[in-house]
Amino acid sequence: MTDLLNLTIKDLVAGYRAKTLSPYEYWLAVEARIEVFEPHVAALYAYDPQGAREQAKASTERWLRDEPLGPLDGIPVSLKELIATKGQPVPLGTAAVELLPAEEDAPIAARMKEDGAVIFAKTTCPDYGMLSSGLSSFHPLSRNPWDLTQNPGGSSAGAAAAGAASYGPLHIGTDIGGSVRLPAGWTGLFGFKPSHGRIPVDPYYVGRCAGPMTRCVDDAAFSMATLSRPDWRDGTSLPPNDFDWMDHDIDVRGMKIGVMLDAGCGLAVEIEIRDAVLAAAKRFEDAGATVFEVEPVLTRQMLDGLDNFWRAKFWGDIRNLTAERRAKILPYIYQWAEKGADVSGVEAVQGFGQTIEMRKTCGRLFTTVDAVLSPTNPIVSYPADWASPTNDPEKPFEHIAFTVPWNMSEQPAASINCGFSKTGMPIGLQIVGPRFDDMRVLKLSKLFETWTGGVRNWPKPPLA
């Protein structure tokens, strides 16, 4: 069973096609894994093993007839709870929301169903997806499989925990400031945030993207042919593409790669992380790239302006809730949000304007480089029950300084494991490419994974 869980999506599809492995057999292996880990990591919401068995049986019949619905037919996938699936409530990670069935599938869920993927569960997130943490007023506390005392990050917390615990090969998260890359970095996964609009989302919003969280680059790349099909519901959805998502060939000789070790504000980078990123950069240099340190693209004014804008917007979203419902919001989130009532309209607009300033500085940097390397996270880890790496609602975004600029500039960025701390916790390397050049990020990531061999020893079952 464990050997099956080491297979990539490409391996699984080959087995299904050759009829040496069935989707049903593979699902049973995933189900057994979930039984062992889930009581400890609490990654899942609306887990439906019986429904997954039925989906896997139907897929098995299609493969026996050589009539798969699409490239992901029979591949187990989890979707972040914020991604609507018809008939299931979308609690948004908070006890404050009335649980009403979703009226339709969000674009990502629709694409998965069109391809015959086995959607077996949603994954947990914090209240309104507003924390880089597994802490929620609705879901049980999600934990990091590498160390159950530690946080998986967020807001795609459950997706990260599920991926690191080997609940199948593919988990889809969402990312508006780093919510795919941050937890991927803290759990050793490959987390890919494509160019804005490459994967349609609904509702769409400034900087909001979705992306695959997987144990290897190939699995993320394989999923992109399905995930990147356009959807009219996303007004920022990009046109159809004809990329060969599995083409990983790249020659970095002569490529100009910037290394960003200072985010410009936020938490200071820990020494272990700095050393790991520099060692990663040296590999690219040894392969012929011109590697040099670059200045940050973010300022204190930008990050604080974004904070003001997000507080004002979020307060507008929740202010009409009844007092009883507002009282159910995680106190950390509510304490942060209520300051939004004091943000004037002018201040909110000025705060939004800082997203444009981020776009400018990111664009300026990419007139001088072909790619950027940086830490994904500035710190190695933090306690599982903390709401954020600072655990301070007055300093809520100190940890996103390396990731959030690339949301606002709409550029593709990924996190890939580049080592481990002395305590055994994963360290993430962020790789950023030019706007719309998603393939460059995937190719550089695959090259780095080839050099390092990827993560070989995933977490073992925790002690009861």
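Residues are termed buried under 20% relative accessible area, exposed over 50%, and partly exposed in between, for a 1.4 Å probe and with protein chains only. The areas themselves come from the Shrake-Rupley method with a 1.4 Å probe, and for residues only the protein chains shown count as cover. The structure is a predicted model, in which local features need pLDDT of at least 70 and side-chain atom pairs count only at pLDDT 80 or more, whereas totals for chains, interfaces and linings use all residues. Residues are numbered from 1 along each chain as its sequence is written, and side-chain values use heavy atoms, with hydrogens and water left out.

By this scale, Phe 352 is partly exposed, because its relative accessible area is 30%. The residue is found in helix α13, residues 345-365; helices (H or I, at least four residues) and strands (E, at least two) are DSSP runs, numbered from the N terminus. Together with Val 206 and Ile 356, Phe 352 makes a nonpolar surface patch of about 200 Å². Patches are made of residues with over 30% relative accessible area and no salt bridge, like charges being joined within 9 Å and nonpolar side chains (Val, Leu, Ile, Met, Phe, Trp, Tyr) within 5 Å. A salt bridge is a side-chain nitrogen of Lys or Arg within 4 Å of a carboxyl oxygen of Asp or Glu.

Arg 274, placed in helix α9 (residues 271-286), is likewise partly exposed, since its relative accessible area is 33%. Its C-alpha atom is separated by 38 Å from that of Phe 120, 154 residues apart along the chain.

Grid points are joined across faces, edges and corners, and a volume is the space filled by probe spheres set on the points.

The largest pocket has a volume of about 710 Å³. It is lined by 26 residues, of which Leu 82, Tyr 128, Pro 203, Arg 208 and Lys 313 are the closest to its centre. Two or more lining residues come from each of β4 (170-175) and α10 (300-318), and α10 provides the largest share, 4 residues. The lining comprises 13 nonpolar, 4 polar and 9 charged residues, where Ala, Val, Leu, Ile, Met, Phe, Trp, Tyr, Cys and Pro count as nonpolar, Asp, Glu, Lys and Arg as charged, and the others, Gly among them, as polar.

The second largest pocket holds about 300 Å³ of space. Among its 20 lining residues, Asn 6, Arg 215, Cys 216, Val 455 and Trp 458 are the closest to the centre. Helix α15 gives the most to this lining, with 3 residues, and the residues divide into 7 nonpolar, 7 polar and 6 charged.

The structure also holds 4 cavities of 30 Å³ or more. The largest cavity has a volume of about 210 Å³; of its 20 lining residues, Gly 129, Met 130, Leu 131, Ser 132 and Phe 397 are the closest to its centre. Helix α12 (residues 331-338) supplies the most, 3 residues, and the lining contains 11 nonpolar, 9 polar and no charged residues. The second largest cavity, of about 80 Å³, has a lining that includes Arg 215, Cys 216 and Val 455.

Notes
On a 1 Å grid over the protein atoms alone, a cavity is a set of points where a 1.4 Å probe fits but cannot get out, and a pocket is an open set with protein on both sides within 12 Å along at least five of seven lines; lining residues have an atom within 4 Å of a point.
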